[in-house]
Amino acid sequence: MPIDLRSDTVTQPTAAMKAAMWEAPLGDDVFEEDPSLNALEQKAAKLFGHESALFCPSGTMTNQIAIRVHTQPGQEVLCDELSHIYHYEGGGIAVNSLASVRLLKGDRGRITVDDIAANINPDDIHFPVSSLVSLENTCNKGGGCCYDWKTVEAIADFCRSRQLGLHLDGARLFNALVATDTAPATVGPWFDTISICLSKGLGAPAGSLLLGTHATIKKARRVRKVLGGGMRQAGLLAAAGSYALDHHVHRLAEDHDRAKQLGSTLTRCALVRKVLPVETNIVVFELTHPAEVDATRQRMEAEGLRSVPFGAGKIRLVTHLDFNDDQLTETTAILKKCLN
Ligand SMILES: Cc1ncc(COP(=O)(O)O)c(C=O)c1O
């Protein structure tokens, strides 16, 4: 079996997680009657100090629903130019919300109050109405880097003072919380909505949650139905998500440690020009010869290591629940062999 570091989404549910799924009491969630799903939504909302939550099949759907709920057609979403909501959600902002996007140039995916303030449109009919700011933490394309929470708090204060909605794409928020030793309830209330993914570092087979007020989540539930995201006995998945929240958060630190070790190996490889600072479970490195991405990945794959191309000259590796110390040793050897 190759070592698969393409993403933290490739993990298999553990035996204990499967047992929790098997035993979960179920109902019809479109009637809001699935006890396991209701329990997960309540647990997640409470954890982050929000009133309510909505379970969706994917992080793309929770992000897209949030954008839809926060904007009117023709209004503008402000986000960093590396954002997942812009790059990797199939143009969904335009398709689902008929909204415009203002891309900001941040630092590896992280923006500041000044970036936002400089890009809010004046109240003039020529311009789209700036209505939503969306942050991503950790930032995937920025190499899994974390926001300084003081910056986020300042952004939240600013958005509130300017009547801008604030959404967080927290697909890997737990990685950021563990890396910065921060409690969910400290930062949760700063956002109008938060999307968290259960199927990435947390290891559940599917599912994301959108957190917000009762009123926001009521609107979000309607949009989810329109998008076809209302599932029936989804408590089966919710039980996996609950298990993940209870058992797989603190262990993320292990993924971060292994990612840092990979990063330090890569910095010593002759064919690597640069490694983005490793803060969590994502390792992005740039080759000395940018045109060699495909050939390098094929060489690594032939040795038993899977990766993804990640933009000009770059390759990404992501550590996860199914990547252990023995595999780390093996991966280190493959990297040294293929990149020197
Ligand atoms: C930062 C970020 N946001 C959102 C998503 C979307 O999640 P999903 O694949 O569940 O749609 C991803 C997926 O990798 C992601 O990395």
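1. Ground rules. Numbering starts from 1 along each chain, following the sequence as written. Since the model is predicted, local features need pLDDT of at least 70 and side-chain atom pairs count only at pLDDT 80 or more, while totals for chains, interfaces and linings use all residues.

2. Domains. The chain splits into domain 1 (15-247) and domain 2 (251-338), with bounds that come from an automatic or database domain assignment. Their C-alpha centres sit 28 Å apart. Domain 1 puts 15 residues into the contact and domain 2 puts in 13, where two residues are in contact if their C-beta atoms, placed from the backbone, lie within 7 Å. On the domain 1 side, the touching residues come out as 6 nonpolar, 7 polar and 2 charged.

3. The ligand shell. Which residues surround the ligand? They are Ser58, Gly59, Thr60, Asn63, His84, Glu136, Asn140, Asp169, Ala171, Cys197, Ser199 and Ser208; a residue is near a molecule if its C-beta atom, placed from the backbone, lies within 6 Å of it. By class, the shell has 2 nonpolar, 8 polar and 2 charged residues. Helix H3 (residues 59-70) gives the most, with 3 residues. Helices (H or I, at least four residues) and strands (E, at least two) are DSSP runs, numbered from the N terminus.

4. Cores. The largest nonpolar core holds 73 residues, and Ala44, Leu210 and Ala240 have the most contacts inside it. Helix H11 (residues 235-247) supplies the largest share of this core, 7 residues. A second, separate core has 22 residues, including Leu5, Ile282, Leu305 and Ile315. A core here is a set of buried Ala, Val, Leu, Ile, Met, Phe, Trp, Tyr and Cys residues joined through C-beta atoms within 7 Å. As for burial, a residue is buried if 20 or more other C-beta atoms lie within 10 Å of its own, exposed if 12 or fewer, and partly exposed in between, with C-beta atoms placed from the backbone.

5. Leu210 up close. Skip the neighbours within four places in sequence, and Leu210 is in contact with Ala53, Leu54, Cys56, Thr62, Ile65, Ala66, Thr193, Ser195, Ile217 and Ala220.

6. Strand E7. Is E7 (residues 193-197) enclosed or open? All 5 of its 5 residues are buried, so E7 is largely enclosed by the rest of the structure. Thr193, Ser195 and Cys197 point one way, with Ile194 and Ile196 pointing the other way. Strand E6 (residues 165-170) runs parallel to E7, joined by 4 bridges, and His167 stands opposite Thr193. Strand E8 (residues 208-212) pairs with E7 in the antiparallel sense, also over 4 bridges; Ile196 has Leu209 as its bridge partner there. Two strands pair if DSSP finds at least two bridges between them.

7. The E9-E10-E13-E12 sheet. These 4 strands form an open sheet in that order, with antiparallel pairing. Its edges are E9 (272-275) and E12 (308-309), each pairing on one side only. A hairpin of 6 residues links E9 to E10, and 3 bridges join E9 to E10 (residues 282-287). Val275 stands opposite Phe285, and Lys274 has Glu286 as its bridge partner. On to E13 (residues 314-318): E10 pairs with it over 5 bridges, with Val284 opposite Arg316. Of the 6 residues of E10, 5 are buried, so E10 is largely enclosed by the rest of the structure.

8. Arg306. Arg306 is found in strand E11 (residues 305-306) and is partly exposed, with 15 other C-beta atoms within 10 Å. Ile3 is 303 residues away in sequence, yet the C-alpha to C-alpha distance is 6.1 Å.

9. Most residues other than glycine have a negative phi, and most peptide bonds are trans. The bond from Asn137 to Thr138 is cis, with omega near 0°; Thr138 lies in the loop between strand E5 (130-136) and helix H7 (149-161). Leu98 has a positive phi of about 50° and is partly exposed. Asp181 has phi near 50° and is exposed, with 7 other C-beta atoms within 10 Å.

How values were computed:
Ala, Val, Leu, Ile, Met, Phe, Trp, Tyr, Cys and Pro count as nonpolar, Asp, Glu, Lys and Arg as charged, and the others, Gly among them, as polar.
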